Amino acid sequence: NSSMEGGEENSGYSVVSVSRLDRGTSGAIVIPRTLEAFHYMTSLFKTRQVTKQYVCLVQGLAPQSGQIKARLRLTESLTTYRSFVHPAGKEAISNYISLQKYCGCNARSSSNSG
């Protein structure tokens, strides 16, 4: 992105992310401060040298650990960036482990409001 040229020295510097967050998730977004850092970080993501970790809640029973393999294809528009399982998609592998089991207790507050 040529708008990053010059980094901090260029008053026309614009913020450009090299990572993204899926809808409904929270986490860190990587924003380089220089053009050199942008190219370096982009290459790390493209060559899959970045390890990502997620924490999620699962309702129901799930194995203690496992691996999910799927071929994902990307579709994007001006407002949407989504992937879906497709035979011609790019291979995606997710390894998971269960960190804790939740008892499923009632989520309502136990305090009396009357």
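Biologist: What makes V15, L21, I29 and I31 a nonpolar patch on the surface?

Modeller: In this predicted model, a patch takes nonpolar side chains that have over 30% relative accessible area, take part in no salt bridge and are joined within 5 Å. V15, L21, I29 and I31 form such a patch, and together they have about 340 Å² of accessible area.

Biologist: Why is L21 called partly exposed?

Modeller: The relative accessible area of L21 is 36%. Buried means under 20% and exposed means over 50%, so L21, at 36%, is partly exposed. The value also passes the patch cut-off of over 30%.

Biologist: Which elements does the protein chain have, and how do they run from the N terminus on?

Modeller: There are 1 helix and 3 strands, and the elements run α-β-β-β.

Biologist: What holds paired strands of a sheet together in general?

Modeller: Strands of a sheet pair through backbone hydrogen bonds, and the pairing is either parallel or antiparallel.

Biologist: What is the order of the strands in the open sheet?

Modeller: The 3 strands have the order β2-β1-β3, with antiparallel pairing. β2 (81-85) and β3 (90-97) stand at the edges; each has a single partner strand, so one side of each is left without a neighbour in the sheet. From one strand to the next, the twist averages 45 degrees.

Biologist: What part of the protein chain counts as buried?

Modeller: Of the 114 residues, 10% are buried, which means that their relative accessible area is under 20%. The protein chain exposes about 10300 Å², and carbon and sulfur atoms supply 52% of this area.

Biologist: What share of the contacts with a separation of 6 or more joins residues 24 or more positions apart?

Modeller: Such residues account for 34% of those contacts in the protein chain.

Methods. Residues numbered from 1 in each chain as written. Predicted model: local features only at pLDDT ≥ 70, side-chain atom pairs only at ≥ 80, totals over all residues. Heavy atoms only, no water. Helix = DSSP H or I, 4+ residues; strand = E, 2+ residues; numbered from the N terminus. Buried < 20%, exposed > 50% of the residue type's maximum accessible area, 1.4 Å probe, protein only. Contact = heavy atoms within 4.5 Å. Areas by Shrake-Rupley, 256 points an atom, 1.4 Å probe, with all protein chains shown as cover. Pairing = 2+ DSSP bridges. Axes fitted to C-alpha atoms, helices over the stretch in contact; angles between N-to-C directions. Patch = residues over 30% accessible without salt bridge, like charges linked within 9 Å, V, L, I, M, F, W, Y side chains within 5 Å. Salt bridge = Lys/Arg side-chain N within 4 Å of Asp/Glu carboxyl O.
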